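Here are my notes for your first read of this model. Keep the structure open beside them and check each point as you go.

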Amino acid sequence: MFERLFKLSEHRTSVRTELVAGLTTFLTMSYIIFVNPDILSSTGMDRDAVFVATCLAAALGSAIMALVANWPIAMAPGMGLNAFFAFTVVAALGFTWQQALGAVFISGMIFVILTVTGIRRWLIDGIPHSLRSAIAAGIGLFLGIIALKSSGIVVANPATLVGLGELTATGPLLAILGFFIIAVLDALRVKGSILIGILTVTVLSWFLGVSEFQGLVSAPPSILPTFFQLDIVGALHGGLLHVILVFVLVEVFDATGTLIGVAKRAKLIEEGKPNRLGRALLADSTAIVAGSMLGTSSTTAYVESASGVQAGGRTGLTALVVAVLFLAALFIAPLAGSVPTYATAPALLYVACLMIRELVDVEWEELTEAAPAALTALAMPFTYSIANGLAFGFVSYVVLKAFTGQWRAIHPATLIVAVLFVIRFAFFAE
C-alpha cells in the first residue's frame, strides 16, 4: 500500500527510513504544541481548545501535503504569525480573536487563488531578495522581544522604554536556563532540543512551585470554544484589510521559501526534472483555510522538515507519520496545560536567534538594498508590529530606488505592495 501511494522505490527510500524521518521531524517541531496555545490563549481564546486546534491543524496540513503532493514536509501553525495574531491584531489593535480568525480565513482563500492562478510565483519572483531576508529576520526580532518580555528578562522602563528585569527571580532564571539547554543540545545536534528544553524547565518549575502539574494524559479536550468561531464579516468591516495583506505576504515568503528550500534539499526539485511544487503550494494554501476554521492562526510549512529530510525522508510518508504523531499528541492536553510561560519563552527566543541569521543574505554594500532591509527588521520589534515592518521596508525600497534612478529595479509586485501600504497609512490609520 505504501509503495503504491508514495512510490518509495522510485524515491530510493523504505518504510523504515520514512518512519524514522517522520519521528525526527515531529520531535524537532513538536514544541509548537506547547508554544502556540500559550501565545493564542493571551487573546482570550480557550487554551485547551487552541491546543486541540493546533494538533488537528498540524495533522490535517501534514496529511494533505503527504497525500496531495507526496512531499516529506510537515505543517503546523507558524511562528511569527501567531505572535502577530495575538500581540498586534488583538492586543495592540483591539480586534477580537474571532475577527482575527476571520482575517486568517480570508487570507487563506486569497492564498489559494494566488496559488491556482500562478500569481504566488510571480509575487515571489518580484520581491527583492534583501527584503525577503529582512522580513524573516524582523519576525525573529519580533519573537525575541516577545520572549524576553514574557519571561521577565526585559521590562518596561519609563525613562528608556525598556530595561533589564530582575534576573535573580525564579522565572527569568528558568527562562535563561531553558535557552542554554536548547542552544547547547541543538549545537550538539540532539534531535528535539527545543522540546527537551521546554519539558526540562517545566519539570523544574513544578518542583520550584512556579507552576502546577495537572496530569500527563487524558481524553482530548473540546474544540468547540474555537471551532468555526471566526468572524469573517467583522474582519472585512473592522478595518483588517491591511492585516489580511500582512498574513498573505508573510505566507507567500515564508511558506514558499520553506517549501522550495526543503524540497531542493530532498532533491525533489532539480533542473529539468518534473516536480510537484504546484500541488505542494496548493496543499499548504488549503491548510491555512482549514486551520482558521479549527481555531488557530495561519498554518505553514515548517523548516524543521529539513531534519526529517536529513534522516532520509523523501516522500509523503514522512509527513503522514508526523500527522499521526500530532493526532496522538491530542491525549497529552494536561501536560500541555502544565507548561508555564517561562518554559515556552526560551523556545521563542531560540527560534528568534535562528531567524535573525537571515540578515547575512542582505546586500549590505548596496545602500538602496541595505537601508530598506534594516528598516524592515528594526520596525517590527520596535513598533511591535510585523505590518509596520513590512510597510517601512516596501515603501522605503521603492522611494530609494526611484530617487536614485533605479526605476527598472522595482518589480511591479513590489510597487503594488508599497502603494497598498501607503494607502493604508494615509486613509486607514488606527
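1. How many residues does helix H18 have, and how far does it reach from its first C-alpha to its last? Helix H18 covers residues 367-382, has 16 residues and reaches 22 Å. That is close to the 22 Å expected at 1.5 Å a residue. The expected span is 1.5 Å times one less than the number of residues. Helices are DSSP runs (H or I, at least four residues), numbered from the N terminus.

2. A word on the source. This is a predicted model, in which local features need pLDDT of at least 70 and side-chain atom pairs count only at pLDDT 80 or more, while totals for chains, interfaces and linings use all residues. Residues are numbered from 1 along each chain as its sequence is written, and side-chain values use heavy atoms, with hydrogens and water left out.

3. Stay with H18. Its buried residues include Thr368, Glu369, Pro372, Thr376 and Met380. Buried means under 20% relative accessible area (1.4 Å probe, protein chains only), exposed means over 50%, and partly exposed lies in between. Helix H8 (129-150) and helix H19 (386-403) are among the elements that cover the buried residues of H18. Just after H18, Tyr384 takes a positive phi of about 55°.

4. Now helix H15, residues 316-328. Helix H15 has 13 residues and reaches 19 Å from its first C-alpha to its last, close to the 18 Å expected at 1.5 Å a residue. Among its buried residues are Gly316, Leu317, Val321, Val322 and Phe326. The cover over the buried residues of H15 includes helices H1 (2-6), H2 (15-29), H3 (32-40) and H4 (47-69).

5. Look at Met65 in helix H4. Why does Met65 count as buried? Its relative accessible area is 0%, so Met65 is buried. Leaving aside neighbours within four places in sequence, Met65 is in contact (heavy atoms within 4.5 Å) with residues including Asn70, Trp71, Leu259, Ala280 and Asp284. Met65 and Leu282 are 217 residues apart in sequence, yet 8.8 Å apart in space, C-alpha to C-alpha.

6. Helices H9 (residues 170-187) and H10 make a pair. Their axes come within 8 Å and cross at roughly 150°. Axes are lines fitted to C-alpha atoms, for helices over the stretch in contact, and angles run from 0 to 180 degrees between N-to-C directions. H9 and H10 are therefore roughly antiparallel to each other. Angles over 145 degrees count as roughly antiparallel, under 35 as roughly parallel, 65 to 115 as roughly perpendicular, and the rest as oblique. The contact involves, among others, Leu174, Leu177 and Ile181 of H9 and Ile194, Gly197 and Val201 of H10.

7. Thr202 is in H10, residues 193-208. At 1% relative accessibility, Thr202 counts as buried. A polar atom of its side chain lies 2.7 Å from the backbone oxygen of Ile198. Not counting residues up to four places away in sequence, Thr202 touches Ser211, Ser338, Val339, Pro340 and Ala343.

8. Compare helices H5 (residues 81-92) and H12 (residues 241-265). Their axes come within 11 Å and cross at roughly 165°. H5 and H12 are therefore roughly antiparallel to each other. The contact is made by Leu81, Phe84, Phe85 and Val89 of H5 and Val243, Val246, Phe247, Val250 and Glu251 of H12.

9. Finish with Ser107, found in helix H6 (residues 97-117). Ser107 is buried, with a relative accessible area of 3%. Ser107 touches Ile244, Phe247, Val248 and Ile288, not counting residues up to four places away in sequence.

Technical notes
Helices (H or I, at least four residues) and strands (E, at least two) are DSSP runs, numbered from the N terminus. A polar contact is a pair of N or O atoms within 3.5 Å; within protein, one must be able to donate a hydrogen and the other to accept it, and residues adjacent in sequence count only if both atoms are side-chain atoms.
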